[in-house]
Amino acid sequence: MKKTLLALSVSVLAATTFNVNADALIGSKLQTLLPTLVQSTKVIVSTHHYNELDNVMTALNVPYLALKVLPMAGTSLTRSQINTLAKDSRVKSIYFDAPLEYYNYNSGEITSGHLVHDDYGVYGEGSTIAVLDSGVDATHPDLLLGEKTIQNVKIAGDLDFAGGKNLFLEGVPNTDTSSGHGTHVGGTVAGSGEASRDDERRSFYQAGIAPKATLVGLGAGEAISILYAIAGFDYAIANSERYSIDVITNSWGGGDGASFDPNNPTNQASYQAYKKGIVVTFAASNSGPDDNTLNQYAIAPWVINVAAGTTDRQLADFSSRGVEGDWIKTPDITAPGSAIVSTRALNTPLGAAGPIIDPAHPEYHLYYASMSGTSMATPFVAGVVGLLLEVNPLLSPDQVEQILKDSADEMPGYKVHQVGAGHINVKAAVDLAIVTTGERAEFLNGQTGWSSQGVWSEVSETDNNINYKKRWAVKNSTLSSDGTFKQTRRRNAQISFDFIGDSVQLKYITNNRKGHAELFLDGKSQGLLDYYSPQRQVKTVAFRDLSTDSVHSISLKRINGTVSFDGILLDGQLVDSAAVIIKTDSNFAGSVGPSYENMEVSDHDIQLTDNVSMLNAVLTWSGVADLDFDLLNEAGEVVANSASLDNPEEINFRPTSGGLYTLRVNGYISVATDYTIEVTTSKLETND
């Protein structure tokens with residue numbers, strides 16, 4: 001469901017301007033200072049809700065600086081005032097406004113990133129990273145439009161008042177005018193360091209980790225809403241070839257601790273980017289140190305989930321943790337995220353909240369600012385991906401993630417659900433990428449590590465819905481996931497099966513005796529499989545982007561030699577060979593409103609039987625309004641939704657079981673609005 005920009009603020013993941021213990025009401029540094037505090041000291045106060053901030057601060061009767069979006073304010077308080085404020089239930093935290101150190105430089109040092117720059121001459125050249133965030137100030141010397149930032153887009157929407165279309169304003173010099181968050185992120189990824197070109201410590205001292213990569217800015221405003229986030233993904237995917245977009249980095253999120261929902265629109269959007277070959281990074285969130293606090297979008301298995309480390313390569317207290325023993329609720333990698341100095345967008349609150357003071361370079365406060373958070377760690381990883389793709393552009397997204405994990409440094413004292421594979425090591429990752437055989441072509445043909453629902457449904461070669469013609473011998477092999485596969489040399493031998501779903505991968509095991517088989521999809525030849533290789537190995541052949549409301553058939557026919565079959569990876573389900581899909585149409589009508597931000601809803605129940613394989617529901621309405629659309633299961637959980645700016649809204653859902661479901665119409669912005677819902681259910685039936 002749509003949220004206002006304020007409601008789903010980047011405060012969830014975005015920068016804190018300090019490095020503190022986020023689990024305490026009074027930060028650890030401030031706790032240490034309090035017993036001996038005589039004079040007032042600078043602190044940062046956070047409230048649970050933005051609308052409470054001014055009331056809390058006004059009651060103190062002291063000057064304060066409130067941020068425009070985040071529920072935070074900077075002020076100076078005495079020990080007595082701090083203790084009093086700590087008892088206010090509206091206050092979430094009070095932290096010491098600690099001095100900040102330089103750190104984009106340190107990030108390159110502690111991760112061996114500078115060794116990659118200096119010794120290998122690898123700077124991310126040829127890669128393009130899309131920054132989906134508050135925007136990018138491409139007037140900054142380090143991020144200049146047309147040079148570093150090759151496209152800068154402002155995302156806007158008209159909420160149906162001019163036809164319900166997203167509006168993408170291209171070529172905007174500065175799209176980050178009210179936050180500063182996205183500009184900081186962009187500099188961490190690929191800032192050129194131009195404003196620090198002549199620094200005596202190191203030329204281009206404040207450069208990002210991939211200073212020769214290019215950027216595409218996707219500005220969704222001072223905070224990210226689900227709606228604008230999806231629009232940003234949509235633009236990046238649609239223009240991926242136009243700008244050669246390799247990575248989309250996301251330092252935002254929400255729903256910390258929620259379970260993985262593959263049908264969530266944001267997860268669907270990130271999956272489509274992944275399937276297109278784009279690496280997607282997401283911030284783990286800043287809700288640590290408690291367990292089960294990960295950003296719900298970062299736990300999608302096809303994205304790189306980034307935790308935040310400290311200057312001494314420990315885990316930052318604020319970095320969110322997963323759940324021990326839960327493979328999906330686990331970060332993938334830890335990267336520098338504490339006190340990161342990067343590009344500053346002038347006249348923005350986040351930039352002003354983290355100024356840097358360098359006596360040798362007093363001008364730096366105009367160009368750079370310091371922030372902390374998994375928001376800062378995530379673009380660092382995105383930039384490292386650019387380095388990997390420079391040395392090996394044939395890597396697939398799956399390989400990129402695995403290389404980052406396999407090359408990471410261990411973090412003693414921490415568990416996997418806290419830090420993932422460990423602390424990023426840029427040099428080791430680049431070294432491993434150089435010697436890895438790229439599998440991008442296979443990936444783009446459908447051999448992806450993840451299905452649209454997360455894990456693939458793995459079907460054994462012994463499944464009763466697979467039909468064999470002639471004799472197929474059972475062979476044992478440690479290469480097979482279930483320990484066995486089937487093999488034949490019989491003339492006219494073949495296998496066949498029917499399924500419904502979006503994608504399928506057939507597994508087979510090669511041999512050194514040669515062999516060929518012809519593969520058919522829905523009766524049409526897809527060419528020959530060659531079974532020869534010097535050493536046995538498991539290979540796959542894939543088909544994807546298939547119609548999900550049709551029954552598909554696959555058959556494999558031996559031509560010559562030794563051929564094998566080792567089961568199926570399926571984004572769907574096998575069905576009986578006599579199965580057909582029967583479609584049934586139904587309609588609902590109603591009215592909703594007046595309503596604002598889904599205060600008014602209208603429900604329609606629909607009973608689905610166990611043999612329903614797909615539900616398609618289209619919501620249309622008349623007049624000036626913006627309606628959203630949900631599908632709920634019997635437990636009242638949203639299992640699918642549509643919350644765009646479009647009329648109509650459409651839901652496609654593949655149920656795993658029958659039951660009573662509810663179609664819910666939400667009045668996001670509505671007067672009394674009449675609507676209709678057209679529903680098509682696809683049932684799987686067997687012809688006897």
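**View 1. Helices α5 and α15 pack against each other in this predicted model.** Helix α5 covers residues 113-120. Its axis and that of α15 are 7 Å apart, at an angle of about 55 degrees. The two helices are therefore oblique to each other. From α5, the residues in contact are Gly113, Leu115, Val116 and Tyr120. From α15, they are Val426, Lys427, Val430 and Asp431. By class, this contact holds 5 nonpolar, 1 polar and 2 charged residues.

**View 2. Helix α15 also packs with α13.** Here α13 spans residues 397-406 and α15 spans residues 426-434. Their axes come within 8 Å and cross at roughly 130 degrees. That angle makes α13 oblique to α15. The crossing is right-handed. On the α13 side, Ile403, Leu404 and Asp406 make the contact. They meet Ala429, Leu432 and Ala433 of α15. The contact of α13 with α15 has 5 nonpolar residues, 1 charged residue and no polar ones.

**View 3. The largest nonpolar core has 45 residues.** Which members touch the most others? They are Leu388, Val400 and Leu404. Several elements give two or more residues to this core: β5 (128-133), α6 (181-190), β11 (304-309), β12 (333-336), α12 (374-391), α13 and α15. Of these, α12 gives the most, with 10 residues. A second, separate core of 35 residues includes Tyr235, Trp252, Ile278 and Ala298. In soluble globular proteins, nonpolar side chains tend to be buried together.

**View 4. Leucine 404 and its contacts.** Neighbours within four places in sequence are left aside here. Leucine 404 then touches Val381, Val384, Val385 and Leu388, among others. Its contacts also include Ile304, Ile333, Ile424 and Ala429. Leu404 is one of the α13 residues that meet α15. It is also among the core members that touch the most other members.

**View 5. Helix α6 is mostly covered.** How many of its residues are buried? The count is 10 of 10. The buried set runs through His181, Gly182, Thr183, His184 and Val185. Gly186, Gly187, Thr188, Val189 and Ala190 are buried as well.

**View 6. Asparagine 250 sits in strand β9.** The strand comprises residues 247-250. Is asparagine 250 buried or exposed? Its relative accessibility is 0%, so it counts as buried. With neighbours within four places in sequence left aside, asparagine 250 contacts Val280, Thr281, Phe282 and Ala283, among others. Leu132, Phe233 and Thr378 are also in contact with asparagine 250.

**View 7. A cis peptide bond joins glycine 288 and proline 289.** Omega is about 10 degrees. Proline 289 lies in the loop between β10 (279-283) and β11. Aspartate 317 is 28 residues from proline 289 in sequence. In space, their C-alpha atoms are 5.3 Å apart. Aspartate 317 is placed in the loop between β11 and β12. At 32% relative accessibility, this aspartate counts as partly exposed.

**View 8. Alanine 339 has a positive phi.** The value is about 55 degrees, although the residue is not a glycine. Alanine 339 is found in the loop between β12 and β13 (340-343). Its relative accessibility is 6%, under the 20% cut-off, so alanine 339 counts as buried.

**View 9. Lysine 514 also has a positive phi.** Phi is near 70 degrees, in a residue other than glycine. Lysine 514 is in the loop between β19 (494-509) and β20 (515-521). Its relative accessible area is 53%, over the 50% cut-off, so lysine 514 is exposed.

View 10. The protein has 688 residues, of which 57% count as buried. Take the contacts between residues at least 6 apart in sequence: 78% of them join residues at least 24 apart.

How values were computed:
Residues numbered from 1 in each chain as written. Predicted model: local features only at pLDDT ≥ 70, side-chain atom pairs only at ≥ 80, totals over all residues. Heavy atoms only, no water. Axes fitted to C-alpha atoms, helices over the stretch in contact; angles between N-to-C directions. Helix = DSSP H or I, 4+ residues; strand = E, 2+ residues; numbered from the N terminus. Parallel < 35°, antiparallel > 145°, perpendicular 65-115°, else oblique. Left-handed = near helix turned anticlockwise from the far one by under 90°. Contact = heavy atoms within 4.5 Å. Nonpolar A, V, L, I, M, F, W, Y, C, P; charged D, E, K, R; others polar. Core = buried A, V, L, I, M, F, W, Y, C linked by side-chain atoms within 4.5 Å. Buried < 20%, exposed > 50% of the residue type's maximum accessible area, 1.4 Å probe, protein only.
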